[in-house]
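We will go stop by stop.

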Amino acid sequence: IDWDDEERLIIVQRDGTVSLFETNGTLRSTKSLGQTFLQDDISEAKIYGKTIIFCTKMLHFYWVPNIDTKPVPYRFAHPVFSEPPCDFALLPSDYASNGPVEIIVPDPNGGIHVINENISSRHFDQSQLEEENSIGVVKKIAISPNNQMIAFYEETGDVVVTDTHFSPNLFIRSATKKKKQVLPKQMVWCGEDCVTLVYQKFLGIVGPGGLLSLPFPHKTDAVFASAEIDGLRIVTMGKCEFLQKVPECIVSIYDIGSFSSGALLKEAYEAFVEGKPNADENIRSIKEELPEAIEQCVEAAGYQNDSEEQKLLLKTASYGKTYIQAAQVDVNLISEKCRQLRVINS
């Protein structure tokens with residue numbers, strides 16, 4: 001069960017029956033993938049846009065290019081597996097282009113297989129590479145929202161990150177250092193910045209330095225995380241929350257002791273409001289950087305949830321504009337941000 005890129009619900013049944021439901025719950029269509037799957041049941045399926053990738057009980061992989069047309073399953077090359085893989089994923093650069101459709105399938109003995117219609121190739125095999133450059137038994141796979149990076153969760157608890165081209169120069173291993181390895185419910189990307197492991201009572205934020213545990217602020221029995229291009233959406237029975245990296249513009253303005261142009265412009269404006277004589281001197285000290293400072297303040301206003309702080313940053317940007325020529329910044333920069341925030345706050 002999953003959603004396609006038009007927000008329609010797609011349900012793939014074991015016998016190859018595919019049902020499409022509109023967002024209002026009405027059944028749009030029911031299609032069959034063929035008689036083959038009456039004998040060889042579908043064990044797991046994933047939706048990518050309008051493409052369906054699925055694995056059968058006999059460990060055969062298929063894909064359906066477009067569920068809106070007549071659903072014709074195409075079979076991938078068949079590597080020999082001793083047991084069903086724990087996870088699989090579609091290589092995103094391929095299903096969005098005219099190249100061959102390829103999937104990543106973990107090998108039960110370590111390493112991964114990249115499979116297309118004709119061939120299967122093995123990567124990061126422990127028997128051929130040193131341990132620090134190989135991948136062990138993979139339990140979960142997650143692809144970043146920008147389709148450039150792949151994360152693998154090993155049975156040891158380590159998380160390995162590489163790019164979608166499997167470049168040897170980009171191979172990062174992060175040890176989670178948990179005494180008792182518990183398989184996370186999900187592994188998803190938080191924007192393009194880090195990998196998040198979703199457990200029952202906390203989130204594990206994984207980076208080059210290891211695992212950072214983030215307990216849930218309230219008790220919940222059901223948690224679902226969805227990767228977004230700029231963060232992570234966390235849905236529970238009672239709330240929908242959003243986790244993201246603190247934007248650079250916020251850090252540069254609000255960091256203690258910051259000397260960025262945006263921070264100095266905000267300090268100058270606050271001095272002006274308080275009637276301090278050094279306000280004009282402060283702003284002239286960053287005159288060459290004022291356009292950048294104005295853009296920082298406007299951008300930061302879009303990330304603030306407090307309406308008063310939004311007003312302060314926009315007034316700071318307007319104050320800075322009085323010291324530069326009109327052509328140095330976009331004339332609609334502040335007014336457009338005001339319109340956006342008016343809608344968001346309404």
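**Stop one: the second largest pocket**

The lining of the second largest pocket divides by class into five nonpolar, two polar and one charged residues. This is a predicted model. The pocket they line has a volume of about 210 Å³.

**Stop two: the largest pocket**

Now move to the largest pocket. Its volume is about 1400 Å³. Select Asp-2, Lys-46, Ile-47, Tyr-48 and Val-188: of the 38 lining residues, these are the closest to the centre of the pocket.

Next, colour the elements around this pocket. Which strands and which helix each supply at least two residues of the lining? The strands are S1 (2-3), S2 (9-12), S5 (42-48), S9 (89-90), S13 (138-143), S17 (186-190) and S21 (223-228). The helix is H2 (92-95). Colour the lining by class, and you get 24 nonpolar, five polar and nine charged residues.

Leave the pockets and turn to the helices. Two packed helices are described by the angle between their axes and the distance between the axes.

Select helix H6, residues 290-303, and helix H7, residues 307-321. They pack at an angle of about 160°, and their axes are 8 Å apart. Are they roughly parallel or roughly antiparallel? An angle over 145 degrees counts as roughly antiparallel, so H6 and H7 are roughly antiparallel to each other. The crossing of H6 past H7 is left-handed.

Show the side chains where they touch. On H6, take Leu-290, Ile-294, Cys-297, Val-298, Ala-300 and Ala-301. On H7, take Gln-310, Leu-313, Leu-314, Thr-316, Ala-317, Gly-320 and Lys-321. This contact of H6 with H7 has nine nonpolar, three polar and one charged residues.

**Stop four: H4 and H6**

Which residues of H4 meet H6? Select Ser-261, Gly-262 and Leu-265. They meet Leu-290, Glu-292, Ala-293, Ile-294, Gln-296 and Cys-297 in H6. By class, the contact of H4 with H6 holds five nonpolar, three polar and one charged residues.

**Stop five: H6 and H8**

Finally, select helix H8, residues 333-345, alongside H6. Their axes lie 10 Å apart, at an angle of about 5°. H6 and H8 are therefore roughly parallel to each other.

From H6, the contact uses Ile-294, Glu-295, Val-298, Ala-301 and Gly-302. From H8, highlight Leu-333, Ile-334, Lys-337 and Leu-341. Count the classes in this contact of H6 with H8: six nonpolar, one polar and two charged residues.

Notes: Residues are numbered from 1 along each chain as its sequence is written. This is a predicted model: local features need pLDDT of at least 70, side-chain atom pairs count only at pLDDT 80 or more; totals for chains, interfaces and linings use all residues. Side-chain values use heavy atoms; hydrogens and water are left out. Axes are lines fitted to C-alpha atoms, for helices over the stretch in contact, and angles run from 0 to 180 degrees between N-to-C directions. Helices (H or I, at least four residues) and strands (E, at least two) are DSSP runs, numbered from the N terminus. Angles under 35 degrees count as roughly parallel, over 145 as roughly antiparallel, 65 to 115 as roughly perpendicular and the rest as oblique. A crossing is left-handed if the near helix is turned anticlockwise from the far one by less than a right angle, and right-handed if clockwise. Contact means heavy atoms within 4.5 Å. Ala, Val, Leu, Ile, Met, Phe, Trp, Tyr, Cys and Pro count as nonpolar, Asp, Glu, Lys and Arg as charged, and the others, Gly among them, as polar. On a 1 Å grid over the protein atoms alone, a cavity is a set of points where a 1.4 Å probe fits but cannot get out, and a pocket is an open set with protein on both sides within 12 Å along at least five of seven lines; lining residues have an atom within 4 Å of a point. Grid points are joined across faces, edges and corners, and a volume is the space filled by probe spheres set on the points.
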